[in-house]
Structures are given as structure tokens and as C-alpha cells.
Amino acid sequence: MTTAENQSIALRFNEATKLQYINLDNKPPLYKFYPGLRAIGLPDVADQPGPQMPTLAAIRGDGGSDHTGPLTLEQLTNLLYHSAAVIRRRQLNDGEVHYRAAASAGALYPTEIYVVCGDLEGLRAGVYHFNPRDCTLVRLRNGDLRRWVASAVGDHSAYPATLVFTTVFWRSAWKYRERGYRYCYWDLGTVAANLLATANAEAVPVKLNFGFVDRMLTGYFGIDGVTEAPSLVASVGTPDGMLADGPGDVPGALPQESNDLNAGAIDYSMSAQVHAASPLQTHDDLANWNRATAGLSQSEKDELDGTGDVFRPLRSGTDGMFDADIDLSSLASAPLGNCVRSRGSTRRFSREPMPWEAFRSVVDAAGRGINAPGLEHGYGSNLGLYFIVNSVEVLEPGAYYYNPFYTGLRLLNAGEFREMAGHLGFEQALPADAAAVAFITADLNTIDRDLGARGYRMAQTVAGIIGGRLYLGMHALGLGATGLTFFDDSVTEFFSPHAAGQSAVFVVPMGVPGSPNRVRPFRSQVAVSLDSRARGAGQGG
Ligand SMILES: Cc1cc2nc3c(=O)[nH]c(=O)nc-3n(C[C@H](O)[C@H](O)[C@H](O)COP(=O)(O)O)c2cc1C
């Protein structure tokens, strides 16, 4: 007999176990906007050629002295545009698709940007939200409110402007569920990589701060710190003296609410928990964080113990080991402006070899210091960079570890690993066809012990910055790259014993683009074998 009760459990069960290709009904909006606020136009930088410094030099931070004059609105706009704005629109059968300056997993773009500035020529002091769709601002607050952000970051230098990056978690969680939390920070990293390169090319000093008192920023921007939370603060320009101590007046409510970014959101409790554990609550927490992160980038002079090591330096002067110096002028590296505007994720690689000059100059640039406290000299010993080399001139195919201290590659295991690369990269053809695949790893146990959940956020973001630099560098040389997801523990296993204790945090295949530029179906021999074992092969007795 069917009772109301068991009917209801049956229906609920059926609902809970439904499969669906994708649920467009609760897809979050791509853009945050404030319906009642007027858009403020910015200089039309899209119509200009953009920063002309060669991209590799911009990634590396070459280029002489920083600009010391006042920050111009055009420079600020260039930073915003080349970090996060819509750079291309394409009309597809189902509507228009917008592509942005930096790559984002699933094209979901969870990062928002706010600007806090003093008076700039052409822009009144205030707090603004950046709209990447048409590269405009809306004013959320009037007046010079920089003291509040300065206090949150613990740096009272009077930077002309500060960019506050926030993350709207549901945008990524909608597709990637709990794992979406990680994607949010990788995506933040690709935006930050573009920002740092643009800042170098524009000779505008930019400093990233991973440490700040989170709750001081939430009220300021009218966000709750849960569904949208501050994730990175970038100080922009040369300080013009010091701001008064203390945060100043507590900000009131914003004059206007935004559209609802969280409608239909599904609660992913583990991401919520890890996020809740990550804020710095007080200035004492901030001071502890600053102490714990100081000098993170001093990598240890490890490795190279065995006499039989095969080691390939990337550049000269690295502790007695020499290759010809990297000569950027010999490389046809596109200007940064052109590179960002034409960048796109490579959907197919051709299997052709990558020139050694391209590989070594891009990897060297990607591994350089990041202008953030503790990371000035490199990404540090808590992160690792491994490669599967399929086809790079000069290098024997195999598995490599990049040693940041010696700036060189150590061969861990020679061999042909295209099938394995495709498998590790979530059974996708891209890493199988790429010339080389970068695997960024992190020692999450040490990070968790020393820096807690905030350190976890930072590690994911720094991995995204390295990945974003690889993207830009490859594209600038007429090659290609793409971000990629991966089978976590299989990556560690593949690079072990060297990678024992490391966790994979981001993967970037790089190589010669193939045609058509469309994803190729793929199934590796590794998966064929695993599938047959899953069906019982080998268990028959
Ligand atoms: C963190 C991250 C992970 C990504 N993962 C994949 C992936 O697994 N497979 C893939 O084909 N593309 C992947 N991409 C590329 C995105 O799909 C791509 O950036 C997005 O569609 C926007 O297109 P564009 O980069 O060409 O502007 C990834 C990108 C990022 C930043």
C-alpha cells in the first residue's frame, strides 16, 4: 500500500538522485551591478594599443625604475582592463559570450574588484565597484576613505589607490561544487598575474597583500564575507606620505544594493567551513600572519644530492651552473597589451616540439618573485613546480622537478608520458598533446600547520599566479597554454618519491597550438586499464 509518507520519501529520493547535464536555472549572474547607480566612464583604453613592454619582460618585472609621479586615471584603467575586463565578444547560436583578460575555470569569473582611492585627476576620492563588462565604475561611497583599508592591511602609506579583490563563491560552486572553492583562488591568481605584469609594463608599483583583517573590508563594500568575501588587496602607485593612524569613521550602509549574486545557491558546507576558518579577525592575527609569512620565498638550497643527477639550468649564474643567458631581445615576445587582448585558452595542441628558448624563458619568468610580503624572491619552498616534458627541444622527454634555487630542471624519470599526462589532467587530450605540462604542487601539511586555512587560500592563489604567468608568457611567444583540472593524488603518486607529501594545486599544459582549435576527445590507456580493473579484471581468482 502506498502511504503519503512513503510516497513522499520516494519522490524526495527521486529528486535527490536525479542526473542533469547542467542546471541553468540557478546559474549565478556573471556580473555584479547596482541598478540605481550611474556608470562612470573610464578612459577608453580598449581603443589604444595598451602597454607596449614585451610580455616576458613585464612578467619578470624588468624595465627599470618605477614611475614616481601621481597615478593617472589611464594607468588605473589599464590595470583594471588588462586584469579583468571583457576583451572579446563572440556571437554564438545561443547568445553572446564574453571573454575576459584572464582565464577562469569554466568561464565563471568569481572575482570582483573594488577601487578605493584618494582624489585622482579625473576621478573623485571614493570607493568604487568595477564593472568588467563595459569597463566602468560605480561610486559606492564618497570621500577619501583610504584609512579604513590601510588599517585593515596594517600599512598606512598613502597609496593613491587600492584594489580590493573579492570572491563570489557560488559562481564557481555552481559548476564545481565543493571543489569550486579552490578554483576561485586559481582564478584570482590568473587575474593577479595579469595585474602584476600590467603594473610592471606601466611602471606603476603594485604590492599584493594576502593578509588583512577581513571583517574590516566586508562592511566597507557592503558584502557579508560569506557569499562574497575579500580575497586579496593590491596597493597601487607610489605613496604620497602617510595616512592618519586608525581606521577613521565606521562606514555606514551602502546607498544601494546590488543584484542578487546568490539566488538559488546550494550550500556546500565544507567550503563554507574552510572559508570560515580563514579570516584574520584582529590586528593581532594580522601581525602573526605577517611574522609567519615573512621570508616565505627563501627556498632552501636542496636537492642535487645524487652524483648521477641530470640537471638542466635555465639561465646562467645559478650557483656555478651555466647555460647561455636568457636574451629576451632575441625572442619575439608580443607587447603585453596585444598579448592580453588576444589571449585565449588553447583548446588543442599539435604535438610539435616547443623551442628550448621559449620554454626556459617562460618558466624562468613564471617562477620569479611576486611583489607581496614574503614572496619577493619567489614562490617559496612550500610550493613545488614539476613538469612532464613531452616534446621540448634539448630536453629528454620525462618527468622533471624545477628547482627554484638553482633555476634549473632536474630529471626525475626519463620516459614517454603523453598517455599519463592526459590521464593526470582529468582524462583530457590537452596535456597529452602539449609540449610540456606544468604541475604546481604545495606542501599543504606544512602550510596548514604554519599558516592555517588562510595559508591554504594563499597557496592556491600563488599557484594561480604562476599559472597565469605561464599563460601570458606562452601566448606572447605565439605558443599556447590552458589551465587544467587534475586527479589530485595520482599527480603526487606520479612524481613520487620526489613529490611525497606534496598536493597538486594547479596544472597548466603548454605547447604549439593545433587545429582546429577545438577540444579533441580522449581516453588514455591508463583509464582503459583502470576501468577494466574496476569491472573486476584481476579479481577473478
Ligand atoms: C583554474 C582553471 C582551470 C581550468 N580548467 C580547464 C580544464 O580542465 N579544461 C579545459 O579545457 N579548460 C580549462 N580551463 C580554461 C577555461 O575553460 C577558460 O579559461 C575559460 O573558458 C575562458 O576562456 P579563455 O581562457 O579562452 O578566455 C581552466 C582555466 C582555469 C583558469
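Guide: A charge is said to sit over a ring if NZ of Lys or CZ of Arg is within 6 Å of the ring centre and within 35 degrees of the ring normal. Welcome! This is a predicted model, so local features need pLDDT of at least 70 and side-chain atom pairs count only at pLDDT 80 or more, while totals for chains, interfaces and linings use all residues. Residues are numbered from 1 along each chain as its sequence is written, and side-chain values use heavy atoms, leaving out hydrogens and water.

Visitor: How do you know that R133 lies over the face of Y31?

Guide: R133 is 5.1 Å from the ring centre of Y31, and the limit is 6 Å. R454 lies over the face of W289 too, at 6.0 Å from the ring centre.

Visitor: What makes W148 and Y220 a stacked pair?

Guide: Rings of Phe, Tyr and Trp (its six-membered ring) pair if their centres lie within 6.5 Å; planes under 30 degrees apart are stacked, over 60 edge-to-face, and the rest tilted. The whole structure holds 18 aromatic pairs. In one of them, W148 and Y220 have centres 6.4 Å apart and planes at 20 degrees, and the pair is therefore stacked.

Visitor: Why is this pair said to tie parts together?

Guide: W148 belongs to helix α4 (residues 146-153) and Y220 to helix α7 (residues 214-221), so the pair joins parts 72 residues apart in sequence. Helices (H or I, at least four residues) and strands (E, at least two) are DSSP runs, numbered from the N terminus. W148 and Y220 are both buried, that is, under 20% relative accessible area, where exposed is over 50% and partly exposed lies in between (1.4 Å probe, protein chains only).

Visitor: What makes W186 and F506 count as stacked?

Guide: Their centres are 5.4 Å apart and their planes 20 degrees apart, which meets the cut-offs for a stacked pair. W186 lies in helix α6 (residues 180-201) and F506 in strand β16 (residues 503-511), so this pair links parts 320 residues apart in sequence. W186 and F506 are buried as well.

Visitor: Why is the contact between E112 and R171 called a salt bridge?

Guide: A salt bridge needs a side-chain nitrogen of Lys or Arg within 4 Å of a carboxyl oxygen of Asp or Glu. The closest N and O atoms of E112 and R171 are 2.7 Å apart, so the pair qualifies. E112 lies in strand β4 (residues 111-117) and R171 in helix α5 (residues 169-176), so the bridge ties together parts 59 residues apart in sequence. Both E112 and R171 are buried.

Visitor: How do you know that R454 forms a salt bridge with D214?

Guide: The closest N and O atoms are 3.0 Å apart, and the cut-off is 4 Å. R454 lies in helix α14 (residues 444-476) and D214 in helix α7, so they join parts 240 residues apart in sequence.

Visitor: Now E357 and R360: why is E357 called partly exposed, and is R360 buried or exposed?

Guide: E357 has 30% relative accessibility, so it counts as partly exposed. R360, at 1%, counts as buried. These residues form a salt bridge, with the closest N and O atoms 3.2 Å apart, and both lie in helix α11 (residues 356-366), 3 residues apart, about one turn of the helix.
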